[in-house]
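Dear colleague,

I am passing on to you the structure we spoke about, with the sequence alongside. Please look it over first, and then read my notes below.

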Amino acid sequence: MSVRLTVAQALLRFLAAQHTERDGARQRLITATWGIFGHGNVAGIGQALVEDPGLMPYHQGRNEQAMVHAAVGYARQSRRLSTHAVTTSIGPGATNLVTGAALATVNRLPVLLLPGDTFATRPADPVLQQLEVPYGGEVSVNDCLRPVSRYFDRITRPEALIPAALAAVRVLTDPADTGAVTLALPQDVQAEAYDWPEEFLAERTWTVRRPRPDTAELDAAARAVGAARRPLVIAGGGVRHSAAEDALRTFAERAGLPVATTQAGKGALPWDHPCDVGGIGHTGTATANDLARTSDLIIGVGTRHTDFTTASGTLFRRDARFVNLNITGFDAHKQAALPLVADAREGLLALTEALTETPAGHRPGTAPWAAAKQDWQERTDAAYTPRSEDARPTQAQVLGVLDTLVDGTDILINAAGSLPGDLHKLWRARSTDQYHVEYGYSCMGYEIPAAIGVALAAPGRPVWALVGDGTYLMNPTEIVTAVQERLPLTVVILQNHGYASIGGLSEAVGAERFGTDYRFRAPDGTFTGAPLPVDLAANAASLGMRVLPARTVRDLREALADARAATVPTCVYVETETADSVSGAPPAQAWWDVPVAETSTRPSAVKAREEYDRHVTARRRHL
């Protein structure tokens with residue numbers, strides 16, 4: 001039996017019938033489609049959504065990149081078991097997907113991209129927005145999505161959709177190989193009819209597997225852990241994706257191990273758990289980094305060992321060895337580690353069972369790092385405490401006020417600027433999914449659309465998008481979508497008149513904060529004078545948000561409490577005090593490699609290079 005439908009109609013029917021199942025829980029894989037329509041998808045996917053409105057929920061976006069961010073936020077909150085699709089027109093609509101696709105793939109988060117494409121049959125050539133490539137008539141701008149997609153296909157014939165759609169879902173549901181998946185859809189093919197086998201459109205459930213570790217690898221890892229005198233666990237995003245938090249806690253408690261966390265792994269243990277020692281690496285705590293510098297064995301769980309985590313290869317002892325539990329062999333072998341290729345939860349359960357003795361240096365219950373952890377909490381309290389309720393708050397004090405208001409149901413979202421560093425060092429995560437910082441791609445403009453995705457995935461929970469003024473100006477347009485969808489999320493805008501994070505980095509590397517302030521430009525090209533008269537609070541209000549300005553700590557406390565109880569999209573706007581005049585967050589506890597000019601006539605760059613040469617000598621490769 002067959003059903004006659006257009007390609008677009010069949011694709012939506014197929015997607016609506018796909019489900020995932022893990023640990024006995026079944027859920028729909030693609031729960032909604034985001035779209036901005038133009039030629040290339042309005043008569044295809046757009047018509048198909050209208051044809052059967054009960055089949056696929058639709059969300060209207062304002063920016064194509066932001067739609068991908070919203071889908072990624074939804075996928076992360078759903079532990080990668082559900083996601084959204086994103087449809088665009090051809091040309092700029094399609095190329096605007098590239099940054100969002102890269103973010104999804106870097107962070108190993110599933111999202112389905114359905115960009116329109118130029119005519120497969122080429123009845124007129126070129127068409128509007130077509131890129132002409134003299135050496136290849138089959139090339140379109142959608143090929144830009146190939147390197148940032150885990151799977152890419154162009155559907156040039158209706159029947160080609162069947163194997164391509166199945167392959168796309170296979171990748172979306174593969175915990176070791178997921179990321180952005182792109183099906184480029186020529187606009188004429190979308191509208192073409194075909195007789196589809198009923199089997200293609202039938203309900204289908206994809207098991208999200210939990211591979212167990214190889215016996216030999218498990219034995220080797222258990223021996224290494226048992227023989228270690230000063231082991232340290234680094235928990236990454238794989239712990240969260242696998243829902244392995246309970247298994248991690250059991251492993252750490254039984255073996256008496258400290259657990260440090262990456263940006264993606266923060267919250268794997270609650271902040272007040274005795275084994276939790278805070279963030280690791282350049283944005284980490286002194287507690288975790290001091291332990292890392294003396295540890296003889298690093299047990300990575302679901303981490304990619306990026307440069308922020310390893311302090312650009314300077315954090316760990318030269319003779320430190322590694323055990324990497326990861327679902328991908330690619331990541332499990334990093335740092336010349338003993339690989340333990342497995343699902344994070346299954347690997348931790350197996351490793352806990354395989355341990356015949358606890359590590360020699362860390363007996364359960366002793367927690368020799370407790371005093372260092374307490375010292376860091378006192379430093380956090382100092383950064384959080386304002387000098388007066390009537391003073392302008394620092395950025396750290398904004399976090400401190402928020403810390404007094406939230407509980408485990410709140411979700412905080414951030415991605416770029418100086419906030420990720422302050423959050424990683426200072427924030428006290430109360431639940432496994434409270435801390436949502438996208439730091440694999442650290443994409444400015446992620447926060448607001450991702451908050452929409454999170455709010456859709458976790459209805460009824462307070463959702464906070466924390467943004468600096470620089471990030472806000474990158475991508476505020478999805479505020480309109482939040483208003484349209486009546487999502488009661490809160491956007492907290494921290495106004496510091498420029499790129500605070502990159503400004504500090506610029507100063508540290510001898511670039512003297514060039515191009516990082518929002519100030520008037522002088523005739524000589526320098527940026528000087530008063531900040532620009534830009535009113536971001538008025539901008540947010542013009543897009544439909546309820547805005548609560550806060551000039552003092554007292555105002556901020558009242559505004560954040562009001563926003564948390566709000567039933568409409570709300571913005572809290574606060575101009576922060578710089579850390580130069582009052583207490584700010586503790587400085588970086590580990591190095592990060594940003595190369596400095598090797599030769600310069602400017603004293604600031606010469607001094608920065610001397611400091612760089614001093615740090616770089618500490619780098620080592622673990623082989």
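Predicted model: local features only at pLDDT ≥ 70, side-chain atom pairs only at ≥ 80, totals over all residues.

Residues are numbered from 1 along each chain as its sequence is written, and side-chain values use heavy atoms, with hydrogens and water left out.

The structure holds 9 aromatic pairs (rings of Phe, Tyr and Trp, the last by its six-membered ring, with centres within 6.5 Å; planes under 30 degrees apart are stacked, over 60 edge-to-face, and the rest tilted). One of them is the edge-to-face pair of phenylalanine 308 and tyrosine 439, at 5.2 Å centre to centre and with 75° between the planes. This pair links distant parts of the chain, 131 residues apart, since phenylalanine 308 lies in helix α13 (residues 307-310) and tyrosine 439 in the loop between β19 (435-437) and α19 (447-457); helices (H or I, at least four residues) and strands (E, at least two) are DSSP runs numbered from the N terminus. Phenylalanine 308 is buried, with a relative accessible area of 12%, whereas tyrosine 439, at 22%, counts as partly exposed (buried is under 20%, exposed over 50%, partly exposed in between, with a 1.4 Å probe and protein chains only). Elsewhere, Phe14, Tyr194, Trp196 and Phe200 form one aromatic cluster.

Two charges sit over rings (NZ of Lys or CZ of Arg within 6 Å of the ring centre and within 35 degrees of the ring normal): lysine 266 over tyrosine 435, 5.5 Å from the ring centre, and arginine 428 over the face of tryptophan 271, at 5.2 Å.

Phe14 also takes part in helix packing, where Val7, Leu11 and Phe14 of α1 meet Leu161, Ala165, Leu166 and Val169 of α6 (contact means heavy atoms within 4.5 Å). The residues of this contact divide into 7 nonpolar, no polar and no charged, where Ala, Val, Leu, Ile, Met, Phe, Trp, Tyr, Cys and Pro count as nonpolar, Asp, Glu, Lys and Arg as charged, and the others, Gly among them, as polar.

As for burial, 9 of the 11 residues of helix α17 (residues 395-405) are buried, so this helix is largely enclosed by the rest of the structure. In helix α12 (residues 286-294), the buried residues include Ala286, Asn289 and Leu291, and the buried residues of α12 pack against β12 (231-235), β13 (259-261), β14 (276-279) and α16 (370-384).

With best regards
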